[in-house]
Amino acid sequence: MADRLAKLLALALTWSLYSLCEGHAGLRYVHASGGDRRVLRETGTPGTPDSGDTVREVPLSHYAWSEVVDSLEGLLEAALGPEVAYWRTRGVTCEDVVDTVTRLHSVFLDSVKVVLIRNNTWHFLHPASRQGATSGPGAGKRARSSGATPSRYNWPELEPTAFGECPQPCQAQLQAVYDTVARRLHRTRGAADPPYHLPDMVFVVNAADNMQRFGLYSRAPVLSLLKRWEVPWWGSNSTAPSLGRSPSSGELLAAMPLPSRVQQALDGAAAPANAAAAGLEDRGARSRAAGGGAVKTGRLGGGGAAGLAGSGRSSKRRKKKSKPSARRAMQQAARREAEAAAAAGRLEGPGGSRRPSALGAEGVAGSAGGSGLGTHSAERSRGLRRRQRQLDAATAAGTEGGAAAADGEGVGGDKLWDMVRRFVASRPPDLPPGVQTPNRLHAPPPPGGRGLHAKKPAYDMDLLLPTMAFVPRTLVMFPWERKKDVAFFSGVPFCPLYVDPHRVCPRVFLANLSSLRPDVLDARLVRPWNNKRLGAVGVFRRPVTLKPHPPTPMPDHARYRWLLNVDGLSASTRMGFLMTTDSVVLKSRSPFIEYYSRLQTPGSHYLEFWSNASDPYDVLGVVAAARATAAADPAAVAAAVAANQAIAARYIALQPKLLYARSALLAYHSLVPDMAQCVEDLAAALGRQ
């Protein structure tokens, strides 16, 4: 009993150290003197940041906004190309959007929600309440029929939530999308800030693991974080795939260039700029002017909070403020702004949209106690209107500023929106082999009736949004010759809920196998696996017990040559993190993809295991093949690593994710020609309920 208590205390102490050190038990961050690099050094280890025992980290927080916009042109085809071709061929109308909203607005409220973006403000719409005498069953229908003009489209009964809130239940991934994308929309912007506005639109967002494939039979695109896609996207191979080499030519993979500021930081040529994240400059200037002190900014991506030295507020006090409290404060401030704006009569929307007082029967939440669809949205779009007026004035005057703006470089220019418009309009109707041409007259099968309809296709046509809950913050390097020559994994023992040909839990299987082959594998579970089976067939039915290990910080993954990416309940979002290291990724075959997945070629950017349905032990052969490639063709291994790091730096850091998210939403809007009419009709329906 005493031994068991001692072990529990030791485990608790380990977890405490992990949480105090950002997950780095016994390790601390230091800054290299030659630039803005974060270097991980073992506590008490002497030496300089260039010593062989350190993990070098280059931050992914400093980007030139226009450079990121330009780079997205190389991502759009991979992320959205087949989907844009599919939906353009099929044709999407407001009726299709209404049908999709009707089918999905209440199926899985934790993760699937209807979103209305109006006047550059994001509103969640959830099923209308049916509680109480005035809102009982049929109340919404009675309200519509009592003297109100009937809606053109048969919208389901919806109601907007209060501004600043994701209605509960709200899955963490969905909350992260709102906290980043929606709040970037709502943030007050200066005239010189790069644009981040969106046109009015309504859509269904799906933040679930998507095993249910909610958008499979939808008549309009669904915006999802991941989806099923088992159609090869890399084309026919003239040669067998080889790590670090092109499958078509056999040449070394040509890595895309790193963003210029990331490259400068990597080369040690950039001056220290700890608080120079894009979009935060004038906020820092205001803070310095107000408090007279320096500004410390935490790393972007949801982990660090800005600490204001000399501002009179304690950073500890801010950290204690919970997210729900912050959202309530934001909501109250928004309502106060709305009341003040209503009193001042400043409620025209961007581009000359009507004031709420002119909406008549459409009066959508005109009072301050409502959701603020009319009042708050218009107030928050003042910066957008100001930039638009400047652009209109410059264009009318025929000035150089107007010409520059028309090219996307001026105050009101929007290169990204122009790029997305051109991409959607010019995308040829070609679909990848294996994807069927859509039939607009084809009716989806009724819900349920399993086994009564044809086999589901091997692909979904959802438009992919980025996962915002997990954002890489640094590129991580460690000398190859000092890396451990084993395949490493550290994670929670999640098991896939989709059908797996091996019928074995892969993470637990690898952890058990690593105890038998420590020369090849080092797979660790961070939670105990007590007397449970590895799988459902054969010898895997025997129960095993595996002890938990402390979590391994992501930078320390770079201390291993081979990193395992293994599906959990569905796809694993750690792939983007592993790509930031200078180690080789070994990925379990998965039916799911993220928005950047089609930039990579299996067998070239990474090696696949768990791909032989009759051999769950194929990971041992894959590690042996990787070792052989490293010995015979080290340049190819370096090329694979460089290609993955370039993709991560260009497209998976926070700033690129934010811009890609806007691109995906703009592409969705462009696929529905009558979206403006659709939004007006929905706003009218909401105002009559």
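The model is predicted: local features need pLDDT of at least 70, side-chain atom pairs count only at pLDDT 80 or more, and totals for chains, interfaces and linings use all residues. Residues are numbered from 1 along each chain as its sequence is written, and side-chain values use heavy atoms, with hydrogens and water left out.

**Overall fold**

- The protein chain holds 20 helices and 21 strands. Helices (H or I, at least four residues) and strands (E, at least two) are DSSP runs, numbered from the N terminus.
- Of its 689 residues, 52% count as buried. Buried means under 20% relative accessible area, exposed over 50%, and partly exposed in between (1.4 Å probe, protein chains only).
- Take contacts between residues at least 6 apart in sequence: 75% of them join residues at least 24 apart. A contact means heavy atoms within 4.5 Å.
- The chain exposes about 30,400 Å², and carbon and sulfur atoms supply 54% of that area. Accessible areas come from the Shrake-Rupley method with a 1.4 Å probe; for residues, only the protein chains shown count as cover.

**Five-stranded parallel sheet**

- Five strands form an open sheet in the order E15-E14-E18-E19-E21, with parallel pairing. Two strands pair if DSSP finds at least two bridges between them.
- Strand E15 (521-525) and strand E21 (607-609) are at the edges. Each has a single partner strand, so one side of each lacks a neighbour in the sheet.
- On average, neighbouring strands of this sheet are turned by 25° against each other, direction ignored. Axes are lines fitted to C-alpha atoms, for helices over the stretch in contact, and angles run from 0 to 180 degrees between N-to-C directions.
- Strand E14 (residues 484-491) pairs with E18 in the parallel sense over three bridges. Ala 487 has Trp 562 in E18 as its bridge partner.
- Helix H17 (residues 618-632) packs on the sheet. It touches E14, E15, E18, strand E19 (584-588) and E21, and its direction makes about 160° with that of E21.
- Helix H15 (residues 506-516) lies across E14, E15, E18 and E21, running at about 125° to E15.

**Six-stranded mixed sheet**

- Another open sheet has six strands in the order E6-E5-E4-E7-E8-E12, with mixed pairing. Its edge strands are E6 and strand E12 (463-464), each pairing on one side only.
- Strands of a sheet pair through backbone hydrogen bonds, either parallel or antiparallel.
- Strand E4 (residues 112-118) and E5 run antiparallel, joined by five bridges. Val 115 has Phe 124 in E5 as its bridge partner.
- E4 and E5 form a hairpin with two residues between them. Asn 119 in the turn has a positive phi of about 50°.
- Strand E5 (residues 121-127) is largely enclosed by the rest of the structure, because five of its seven residues are buried.
- E5 also pairs with strand E6 (residues 158-160), antiparallel over three bridges. Here His 126 stands opposite Glu 159 in E6.
- Strand E8 (residues 223-224) and E12 pair in the parallel sense over two bridges. Ser 224 has Leu 464 in E12 as its bridge partner.
- Helix H4 (residues 94-104) lies across E4, E6 and strand E7 (201-206), at about 40° to E7.

**Salt bridges**

- The count comes to 21 salt bridges. The criterion is a side-chain nitrogen of Lys or Arg within 4 Å of a carboxyl oxygen of Asp or Glu.
- Glu 83 and Lys 227 meet at 2.3 Å, N to O. Glu 83 lies in helix H3 (residues 73-90) and Lys 227 in strand E9 (residues 227-228), 144 residues apart. Both are buried.
- Asp 633 and Arg 245 meet at 2.7 Å, N to O. They are 388 residues apart: Asp 633 sits in the loop between H17 and helix H18 (634-651), Arg 245 in the loop between E9 and helix H7 (260-267). Arg 245 is partly exposed, with a relative accessible area of 22%.
- Salt bridges that share partners join Arg 90, Asp 96, Asp 99 and Arg 219 into one network.
- Asp 96 and Arg 90 meet at 3.6 Å, N to O. Both are buried.

**Nonpolar surface patch**

- Phe 494, Leu 497 and Leu 569 make a nonpolar surface patch of about 270 Å². Patches are made of residues with over 30% relative accessible area and no salt bridge: like charges are joined within 9 Å, nonpolar side chains (Val, Leu, Ile, Met, Phe, Trp, Tyr) within 5 Å.
- Leu 569 is in the loop between strand E18 (560-565) and helix H16 (575-578). Its relative accessibility is 35%, so Leu 569 counts as partly exposed.
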